[in-house]
Structure formats: C-alpha cells, structure tokens
Amino acid sequence: MPGRIPSPPPPQELPRGVLRRRRRNPLRRRNDLVQARIGLGLLLAASAAAPAAMFLGGDAAYRHYTRTAQYQAETRHQTTAVLLEDVPRHPEPGSAEAKEARYPAKVRFTDPEGHTRTATTDVQPALSEGSTVRVWAGTDGKVTDPPLSPSRIRSRAMSSGIAAALGVHATAAAAYGIATRILHRRNLAAWDTAWAETAPRWTTRP
C-alpha cells in the first residue's frame, strides 16, 4: 500500500559468545577472577555455616553450664554467717548505687560438718558487727558464689552462640586474607616475569 511506513525488523538476539566477550575486561587478570570467586564462596559458606555454628555452640554451652549448675547445687550450701566487724557506710545512703554496692567484711559461719569457719565476703554497706548475713559456702568450707541461675545459664549460652557465629566469619575473613596475599604474590611474580621479557625491547636509541 503506497505511503505505508514499513515496520522495523525484529531485534536479533546476540550470540552468547558476543555477550561473554562484552562482559570481559581486558584489564582483568585471571587471578582477579579467582580472588572474586574465593571471596564469594567464603561469603556464602560463612553465611550458611554461621546459624548452624550459633545453634551448636549455644546448645553445647547450655548443656555445659547446666551440668555445672547441677554440680554447684550439690556441692554448695547456703548458711547464716555473723559479721566480725562493722561495714563502712556508703557515701550516698539510700541511693540506687548504695543498694547495689557491696563491701568486703570478715564473717564467721559453721559448715555442714559443724566446723567453725572464718572468711571474707561482700556484704551490704552500713551493717554493724554481730549482724547476720546469708552466704554460700562450698564443701571445702570457703565462701563462694551461688550456683548458676537459669537466667545466667541462658545468658552464657547466648554469648557462646554469638561467639561461635562470629568465629565462623572471622575464620572466613582470615582465609580470604591469606588467599589474597598468595594471589598478590603471584601477581608480583607474573609482573616481574613480564617486565623481564619486555624491558629489553625498550630503548632510548632513535
């Protein structure tokens, strides 16, 4: 039909080889591609392994501290001790800091075998000599900390899990750093070889 504008031909797909050639960079060395693949592989591996490491590390820590708490509960007991000296007053009596403050003081208590023991433990401020306090003591007759509570067990397990996950990423980062240094040394060696071949061709003569 006269005057009709012909439609443009449909676009042709480029061969895959052309696309690959377009993506190539003449300045990119083979070691650069290797380095990129190593970095990507380590990143994917660390991302996949970190959750598992967190779970396994946290679970192992939880079991360990649970057994520790059970052992502590079996070998420690709470008893009443008597202060052998006055405890200093806090500079700000009645403050929130004073409620949390503890001062070392000598106390006397009786162990499960009936032996009188003397030890030093942390007590509240402003207590007078002869006051009684509750302390935890071990089978050796020494004042010690109370058994681990469930909240402390969970807190330590969470910390161990997070540390395990961070350890995976730290290991991956260290591996990438080592690989990068090895590839860098290879690049330097390749540059030296290439320059040794090219240098004799350079001349200042006309």
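The largest pocket here has a volume of about 220 Å³ (the space filled by probe spheres set on grid points joined across faces, edges and corners). It's a predicted model, so local features need pLDDT of at least 70 and side-chain atom pairs 80 or more, while totals for chains, interfaces and linings use all residues. Numbering runs from 1 along each chain as its sequence is written, and side-chain values use heavy atoms, leaving out hydrogens and water.

**Exercise 1.** Work out which elements line the largest pocket.

*Solution.* Start with the lining: 14 residues, with Thr121, Asp122, Val123, Arg134 and Val135 nearest the centre. (On a 1 Å grid over the protein atoms alone, a pocket is an open set of points where a 1.4 Å probe fits, with protein on both sides within 12 Å along at least five of seven lines; lining residues have an atom within 4 Å of a point.) Next, sort by element: β3, β4 and β5 (143-144) each give two or more residues. Finally, β4 supplies the largest share, 4 residues. (Strands are DSSP E runs of at least two residues and helices H or I runs of at least four, numbered from the N terminus.)

**Exercise 2.** Explain how Asp59 and Arg63 are spaced in helix α2.

*Solution.* The whole structure has 2 salt bridges (Lys or Arg side-chain nitrogen within 4 Å of an Asp or Glu carboxyl oxygen). One of them joins Asp59 to Arg63, closest N and O atoms 3.0 Å apart. These two sit 4 residues apart in helix α2, so about one helical turn separates them.
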